[in-house]
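This report covers a single protein chain.

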Amino acid sequence: MIIHLPIRPRRNRKSETIRELIRETRLSTSDLIYPVFVHEGTHNEPIDSLPGCNRWSIKGLVEEAKRSMDLGIKSMVLFPVIPDNKKNSDATESYNPDGLIPQTILTLKDQVPDMTIITDVALDPYNSDGHDGIVEFRIDGSMEILNDASVEVLCKQALCHADAGADIVAPSDMMDGRIAAIRATLDSEALDDVSIMAYSAKYASALYGPFRGALDSSPKAGDKKTYQMDPANSREAIREAQLDENEGADIVLVKPAGIYGDIISKIKANTMLPVAAYQVSGEYLMIKAAAQSGWLDEKSIVLESLTSIRRAGADMILTYFAPQAAQWLREK
Ligand code: PBG
């Protein structure tokens, strides 16, 4: 039977050429940012909780940066693994000018000068308490993450990274007022050219588990719910992004990415700033595990997940799949 049907959406899908013409979202290598872990050791150490990722030595990271650059990945976010004997309750190692991150920035800038360097600004890798801010313990056994005292240390940390040559600092701590304070600190030191990528909507998510394993940075007591956001909320995310925009952020970030696509869309609709999204360790691991057991096709699901994050509204994506995705995009 031939039905009279003038409107047939399938016409727009009839060939790959037409599908490409009507494609609304494109994923390119230039959208991807590569998060990497660096440690003080001289060897690269595979991370059990994140198959395919390493704790790089500085030397190993230089090689990885060159490989990434060759694939078209031109920006990296650095995360440090700090030995226990350098952690304390004031997180003083976080702004040591001779510390691991400043050293790594200097070496990368020397050896791979075109790599854009983003640094994570938060105290958890340096804090013996494992929290992103300074913790006050009370006699009655309760504890509080101090906001303003933390912001003071975060400013020192951001300045230390910027002094060493970071292109972008990325505060991921979720303290109130830290964007304004960091902007003012950088500007007062003539570092007005250093950008701020604000983790504006960072949720208290179970998906950070593998990352905390990689850095040995889990909170020793309590959880992060007094500063990271409740996964049940979205209006609060818009409010946080607006505050960060007003305080001088250059880019706002949503984290996690995959199951927070609605948040990415809402923030995108409510800001004129570029929006970043972080496909976090748990998202990476879920895909890896399913691929390794043969249940999903890794290449297809990785490219689909990244495209979905772009479709939700992210201009750029932080992902541990960055070099692999770049390789696949090149082969396409
Ligand atoms: C901490 C920080 C975390 C991540 C990035 N920065 C963990 C946390 O908040 O506990 C998570 C990234 C990931 O899971 O891949 N400031």
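Trp328 counts as buried because its relative accessibility is 10%; buried means under 20% relative accessible area, exposed over 50%, and partly exposed in between (1.4 Å probe, protein chains only). The residue is found in helix α11, residues 322–331. Helices (H or I, at least four residues) and strands (E, at least two) are DSSP runs, numbered from the N terminus. Apart from neighbours within four places in sequence, Trp328 is in contact with Glu298, Lys299, Val302 and Leu303, where contact means heavy atoms within 4.5 Å. Trp328 and Ser128 are 200 residues apart in sequence, and their C-alpha atoms are 40 Å apart in space.

## Basis of the model

This is a predicted model, in which local features need pLDDT of at least 70 and side-chain atom pairs count only at pLDDT 80 or more, while totals for chains, interfaces and linings use all residues. Residues are numbered from 1 along each chain as its sequence is written, and side-chain values use heavy atoms, with hydrogens and water left out.

## Overall dimensions

The chain has 11 helices and 12 strands. Along the principal axes, the C-alpha trace spans about 80 × 45 × 40 Å. Of the contacts in the chain with a separation of 6 or more, 73% are accounted for by residues 24 or more positions apart.

Buried residues make up 53% of the 332 residues. The accessible surface of the chain comes to about 15600 Å², and 50% of this belongs to carbon and sulfur atoms. Accessible areas come from the Shrake-Rupley method with a 1.4 Å probe; for residues, only the protein chains shown count as cover. The chain carries 36 positive and 49 negative charges, with mean positions 12 Å apart. Lys and Arg count as positive and Asp and Glu as negative, while His and the chain ends are not counted. Each charge is placed at NZ of Lys, CZ of Arg, CG of Asp or CD of Glu.

Helix α5 spans residues 178–188, and its buried residues are Arg178, Ile179, Ile182, Arg183, Thr185 and Leu186. These residues are on the same side of α5, because they cover an arc of only 165 degrees around the axis; the arc is that of the directions from the helix axis to the C-beta atoms. An α-helix has 3.6 residues a turn, so residues three or four places apart point the same way. The cover over the buried residues of α5 includes β5 (116–121), α4 (147–164), β8 (168–171), β9 (195–202) and α7 (235–247). Ala180 also lies in α5, but counts as partly exposed at 33% relative accessibility.

The loop between β8 and α5 contains Met174. Phi of Met174 is near 65 degrees, a positive value in a residue other than glycine, and Met174 counts as buried at 4% relative accessibility. Ala190 is in the loop between α5 and β9. Ala190 has a positive phi of about 60 degrees although it is not a glycine, and with a relative accessible area of 61% it is exposed.

## Helix α8 and strand β9

In α8, the buried residues are Gly261, Ile263, Ile264 and Ile267. They line one face of the helix, because they fall within an arc of 160 degrees seen down the axis of α8. The buried residues of α8 pack against β9, α7, β10, β11 (275–279) and α10 (298–312).

Ala201 lies in strand β9 and is buried, with a relative accessible area of 0%. Leaving aside neighbours within four places in sequence, Ala201 is in contact with Met229, Ala237, Leu253, Val254, Lys255, Ile263 and Ile267. The C-alpha atoms of Ala201 and Ile267 are separated by 9.0 Å, while the two residues are 66 residues apart along the chain.

## A cis peptide bond

Lys255 and Pro256 are joined by a cis peptide bond, with omega about -10 degrees. Pro256 is placed in the loop between β10 (251–255) and α8 (261–269).
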